[in-house]
Amino acid sequence: MLILVSSRWLHLTMMSGNGHYHKNKQPCLMVLKETLIRHGFTFESETDTEVIPKFAKFVFDKAHDEEGEQTVTFAQVVTEVMRQLEGAYSLIFKSPRYPNELIACKRGSTLILGVKELTDANSGTFSHDDKTFTTIGKPKEFFFSSDLCAIVEHTKNYLAIEDDEVVHIKDGCVSILKFDYGKEKPASVQRALSVLEMEVEQIKKGNYDHFMQKEIHEQPHSLTTTMRGRLRANDVVLGGLKDHLKTIRHSRRIIFIGCGTSYNAALAARPFMEELSGIPVTLELASDLLDRQGVMYREDTAVFVSQSGETADTLLALEYALEHGALCVGITNTVGSTLARKTHCGVHINAGCEIGVASTKAYTSQIVVMVMMALAIGADKISTQSKREAIINSLPDLPNKVSEVLKLDNEMKDLAESLIEVQSLLVFGRGYNYATALEGALKVKEVALTHSEGMLAGEMKHGPLALVDETLPIIVIATRDACFSKQQSVIQQLHARKGRLIVMCSNGDASSVCPSESCRVIEVPQVADCLQPVINIVPLQLLAYHLTVLRGYDVDQPRNLAKSVTTQ
C-alpha cells in the first residue's frame, strides 16, 4: 500500500483489546504504532505518516480474515482508515492489490483535482456517471495537487475537494463520495468544476534567475491586479465585504490574526485601520492566541491573514473564533483555500501565483488590501473623509512608485556585497515602519540564513543599544512621516556610539538624516504614510535576495522551510 500524504496535525484512535477502536482525546499514534508492531508490522522511520499505510494494511488484513472469501473493496479500506483518523490531512492511496484504482481524501488540508479535456464543457458538472469522465476511446487525465499553481500547465479545469470527500478513480472513471461518521457507506455526490484564471507564464521564471527575483520585480503588476476594479470615484468597493460592513463597523474590536509575513502585513495596516474605523484594533499571533486561549467575543471581528489560506495555526485560530461566535474575515491569495471557504466573508488579494518560499509580492498586496478594507470600513466617518479621499487618489500611482524603487536593484546588490561577511543585522523601524523592520529582518533570516532582528526604535534604549558598535550593521528606516523627527534622534544616538549605519530615507532627505559620510543612505519615493511600508520593504527584499545569491544559498527553497506551513 502506497500513500502520498500531507498531514498537519494527526491523531489516530486507540485500538482496544477486543479489536474495536475508540476515540482518545490525547494523541495516541505511539499506542497504535506499538499495537501494529505487536501484530508483526515493522517501521522504517519515526514519522507519524508511516503509521497510516501500515494501519491501512492492518484494516485490509483484518477485513479479509473476517469476511473470508468475500472481497473487501478499496473504498471500504480507505473509509475505515478515515473513520479512525482525527486532525487535518490530505491522502492519496495507491495499492498493487487494487490495480487501476486510486483514492484521494482530505480533511482540513487542501487537495485539488485537475481534470483535462472535460467532455461536457458547458455543464461543468462533476458526478459519478462514468460517461462524464471519458471520451470515445480516450480516458480523461486527472491531476492531484495541494496547490493550483501545480496544475495550470496541464489543465484549467479543477475541483477543490471538500472535507471528508473521497475521490475514487477506477479504470479511468471517477466517483466522488461523501464520508459520514454516522453511516457505514458513503453517499455519492455531484460537484461542479471551476475554471482556473491563471496562465502558465505565471509559474515560469522567464528571464529571471530565481522565482523570488521574479516575484519582487512583479510587484508593480501584482499591486495593479490587487486594486483592479476596487477603486471607483473616491470610493473603495470590496465585493466580499459589502454585506458585512455594517456588522464590522459595530464591532467591539477588530482582531488581526496571522503568522510570520502575514502578521507583519497586519501590523503595517493596524495604525490606519484604527484611525479610519475608530475601532480598537489588536494583533494576535495565531499560535499565541491558541496557547493562552485568548478572550474573544461575539461582538468581535476577527480578520485572518494568510497567503496560502492553509496555515495550520491560523486555521486552528479560525476554528476557535468560529466557536466563540466572532465574525470571521479572510484575507488570502489562494482561491478555494480552507481559509477562503470557512470564513464568513473576505477579500482575495489577487497577487498571482507565488512560488518562492519567502513571500514578497503577497506581502505588499496584503497591506494594500487591508488599507482598502480600512477605507471601506471608514467610509461613513466624516472626520476622516479628506484623508480617506487623498489615500484613494494616491493608490493608483503606487505601482509606479514601486517601479522607481526597483531601480535600486544594483545599489542593493552592492550593499549586499559589503554585508556578505556579517553574522548579524539589526533593523530599526517605528510607527507604520515597525512592520517593515520586522519583515525586512525576516526576509534576511529566511533566505540569507543570517541572524537579523527587526526592532521598535522606541525600545532602543531599553536594551538593544548595548549591542551597538562599529562592526554591527544597523538599518534605520527614517522616511517622512509622523515619526521622522524621532528617527532622526535615533540615528544621532547610534552615530554617537559609532554604529555602522544604513539609513533608508525619502528622496532628498539624505543630508538631514545622515550625520556623516560614514553613513550609507538608501533613498526611496515618498507616498502616503499608510502606503510607505509598501515602498520601504522593496529595497530590503532586494537586499535579502542578493545577499542569499552571493552566499550561494537556495533563494527559492531555504533550508527547513516550506511555502505553506501546515504543521503546528
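Angles under 35 degrees count as roughly parallel, and I kept that cut-off at hand while paging through this predicted model.

**Entry 1: α13 against α18**

I began with helix α13, residues 398-406, and its packing on α18. The two axes lie 9 Å apart, at an angle of about 30°. That angle is under 35 degrees, so α13 and α18 are roughly parallel to each other. I looked up the handedness next and found that α13 passes α18 in a right-handed crossing.

Which residues of α13 meet α18? I noted L398, K401, V402, V405 and L406 on the α13 side. Facing them in α18 are V534, I535, V538, P539 and L542. By class, this contact has 9 nonpolar residues, no polar ones and 1 charged.

**Entry 2: α15 against α18**

I stayed with α18, which spans residues 532-551, and turned to its contact with α15, residues 434-448. Here the axes come within 9 Å and cross at roughly 15°. That makes α15 roughly parallel to α18. The crossing of α15 over α18 is right-handed.

From α15, I wrote down T436, E439, G440, K443, V444, V447 and A448 as the residues that meet α18. Their partners in α18 are P533, N536, I537, L540, A544, L547, T548 and R551. I sorted the residues of this contact into 8 nonpolar, 4 polar and 3 charged.

**Entry 3: α5 against α11**

My next stop was a pair of helices elsewhere in the numbering: α5 covers residues 219-227 and α11 covers residues 361-377. How do their axes run? They come within 9 Å and cross at roughly 30°, and α5 and α11 are therefore roughly parallel to each other. I have this one down as a right-handed crossing too, with α5 passing α11.

On the α5 side I listed Q219, S222, L223, T226 and M227. They meet K361, T364, S365, V368, V369 and M372 of α11. The contact divides into 5 nonpolar, 5 polar and 1 charged residue.

**Entry 4: the cavity**

How many cavities of 30 Å³ or more turn up? The count came to 1. About 40 Å³ of space lies in the largest cavity.

I then asked which residues line the largest cavity. My list reads R430, N433, I477, A478, T479, D481, C483 and Q487. By class, I have 3 nonpolar, 3 polar and 2 charged residues in that lining.

Methods. Residues numbered from 1 in each chain as written. Predicted model: local features only at pLDDT ≥ 70, side-chain atom pairs only at ≥ 80, totals over all residues. Heavy atoms only, no water. Axes fitted to C-alpha atoms, helices over the stretch in contact; angles between N-to-C directions. Helix = DSSP H or I, 4+ residues; strand = E, 2+ residues; numbered from the N terminus. Parallel < 35°, antiparallel > 145°, perpendicular 65-115°, else oblique. Left-handed = near helix turned anticlockwise from the far one by under 90°. Contact = heavy atoms within 4.5 Å. Nonpolar A, V, L, I, M, F, W, Y, C, P; charged D, E, K, R; others polar. 1 Å grid on protein atoms, 1.4 Å probe; cavity = no way out; pocket = protein on both sides within 12 Å on 5 of 7 lines; lining within 4 Å. Points joined across faces, edges and corners; volume = space filled by probe spheres on them.
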